[in-house]
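Take a walk through a protein model, one piece at a time. Keep the structure open as you read.

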Amino acid sequence: MGEFDGKTVIVTGGALGIGGAASLAFADEGANVTVMDLNAAAGNETVAKMDDRAGRGLFVEADAGTAEGCKKTVDATVEAFGGVDILFNNVGIQPPTSYLDAVELPEADWDRIINVNLKSRFLMAKFCIPHMRNAGGGVIISSASVQGIQSMPGVSAYAASKGGDLSLMRQLSLDFAKDNIRVLAVNPGTINTPMVHNASGVSGAELDAALVDYGKDHPIGRVGQPEEIAGVVLFLASDRAAFMTGESVTVDGGMMAKGAWAGGAGADLD
Ligand SMILES: NC(=O)c1ccc[n+]([C@@H]2O[C@H](COP(=O)([O-])OP(=O)(O)OC[C@H]3O[C@@H](n4cnc5c(N)ncnc54)[C@H](O)[C@@H]3O)[C@@H](O)[C@H]2O)c1
C-alpha cells in the first residue's frame with residue numbers, strides 16, 4: 001500500500017532534476033503522476049521508468065511559461081486520471097546568460113524567467129484549484145529557493161521570481177485554506193541537477209570538482225541530491241503534514257543558518 005495510492009499529482013518540469021526525482025518518488029508511492037516538461041525525450045524516459053512502479057505516469061509536452069501549456073497539462077491530467085490532488089510547482093530556469101544586473105539584463109530574459117518560474121505557479125494553481133475543490137481538498141508545493149530568502153549579485157530576475165514564489169505561496173495558503181487546500185514551498189540549497197551542471201559551464205572531472213567546491217558553501221559539506229528534496233516534498237504532500245500550510249521548508253545542508261562572517265564547510269567552522 002503506497003502513501004499516495006489513488007492520488008493524482010502534477011509535477012511541472014517533472015522530467016529531470018528535482019522534478020524527475022519527485023515524479024518517480026510519487027510513482028513509487030502509488031500516485032498517478034503527470035510529468036509536464038518541454039523536454040519530450042527526458043519526459044517520456046521518466047514516465048517509462050514508472051512502468052515497474054506502483055503508480056501510473058503520463059507525459060505532457062508543454063511550456064510552463066504559457067497559459068496554453070499550463071491549461072493543456074491540467075486538462076490532459078483530468079482526462080487521464082479524473083482529477084488533480086497534488087500540484088508540485090517545480091519548474092524553474094536560471095540560464096547562465098541571465099547572471100546580470102538589472103541594467104544589463106534584457107527585458108525579454110526578465111519576462112521569460114518570471115513567466116516560467118513565477119507566473120507558472122499562478123497559472124497552474126488557477127487551473128488546478130477547481131479540481132482540488134471538487135475532490136474536497138489538495139496540496140500545492142513550490143520549488144522556491146534559498147535565493148528567495150537571501151541573494152547574491154547578478155541574479156535579479158531569478159531572485160525576484162523566487163521571492164515572488166514564496167509570497168504567492170503564502171497568499172494562496174490564506175485564500176484557499178477554507179477549501180482544505182494546503183500550500184507550501186521548499187527552499188533547496190545547491191542540488192546536483194542539470195540546472196547546476198549547466199550553470200557551472202564545465203563537464204566531466206571539472207564538473208565533479210565544481211560540485212565539491214559548491215558543497216563547501218553548505219555546512220554539511222556537500223551539495224544535495226534531487227532525491228533529498230523529493231523526500232521533503234512527499235512529506236509535505238502527505239497527511240503527516242496535515243497541519244502545515246503557508247510555510248516554506250529550507251533544505252540546504254545548513255546554508256541559511258550560516259552568517260556572512262562564517263567560514264566554509266562544516267570542517268572549517270571548528
Ligand atoms: N538545483 C538547484 O540547486 C536548485 C536550488 C534552488 C532551487 N531550485 C529550483 O528547483 C526547481 C527545479 O530545479 P532543477 O535544478 O531540478 O532544474 P533542472 O534544470 O535540472 O530541471 C528542470 C526541468 O524543467 C524543465 N523545463 C525547463 N523549462 C521548462 C518550461 N518552460 N516548461 C516545462 N518544463 C521546463 C526542464 O526540461 C527540466 O526537465 C527550479 O524551480 C529551481 O529554480 C533548484
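A residue is called buried if 20 or more other C-beta atoms lie within 10 Å of its own, exposed if 12 or fewer do, and partly exposed in between; the C-beta atoms are placed from the backbone. This is a predicted model: local features need pLDDT of at least 70, side-chain atom pairs count only at pLDDT 80 or more, and totals for chains, interfaces and linings use all residues. Residues are numbered from 1 along each chain as its sequence is written.

Start with M256. M256 sits in the segment after β7. Helices (H or I, at least four residues) and strands (E, at least two) are DSSP runs, numbered from the N terminus. M256 has 15 other C-beta atoms within 10 Å, so it is partly exposed. It is in contact with V146, I149, Q150 and T250, leaving aside neighbours within four places in sequence. Here, contact means that the C-beta atoms of two residues, placed from the backbone, lie within 7 Å. Now look for L38: the C-alpha atoms of M256 and L38 are 32 Å apart, and 218 residues separate the two along the chain.

Turn to F59, in strand β3 (residues 57–61). Is F59 buried or exposed? F59 is buried, because 24 other C-beta atoms lie within 10 Å. Setting aside residues up to four places away in sequence, F59 touches V35, G43, N44 and V47.

Helix α7 covers residues 204–215 and helix α8 covers residues 226–237. Helix α7 has twelve residues and reaches 17 Å from its first C-alpha to its last, close to the 16 Å expected. Helix α8 also has twelve residues, and its reach is 17 Å, close to an expected 16 Å. The expected span is 1.5 Å times one less than the number of residues. Where do their buried residues lie? In α7, the number buried is zero, so this helix lies largely in the open. In α8, P226, I229, A230, V233, L234, L236 and A237 are buried. They are on the same side of α8, because they cover an arc of only 160° around the axis. That arc is taken from the directions from the helix axis to the C-beta atoms. The buried residues of α8 pack against α1 (17–28), β4 (86–89), β5 (138–143), β6 (181–188) and β7 (247–251).

V233 leads on to the core. A nonpolar core is a set of buried Ala, Val, Leu, Ile, Met, Phe, Trp, Tyr and Cys residues joined through C-beta atoms within 7 Å. The largest one has 66 residues, and C128, I141 and V233 have the most contacts inside it. Helix α4 (residues 107–135) gives the most to this core, with nine residues. Apart from neighbours within four places in sequence, C128 is in contact with I10, V74, V84 and L87.

V116 is also found in helix α4. V116 counts as buried because it has 23 C-beta neighbours inside 10 Å. Among the residues that V116 touches, beyond those up to four places away in sequence, are V91 and G92.

G92 brings us to the ligand. Of the 28 residues around the ligand, G13, G17, G92, T193 and M195 come nearest. A residue is near a molecule if its C-beta atom, placed from the backbone, lies within 6 Å of it. At least two residues of this shell come from each of α1, β2 (32–37) and α6 (194–200).
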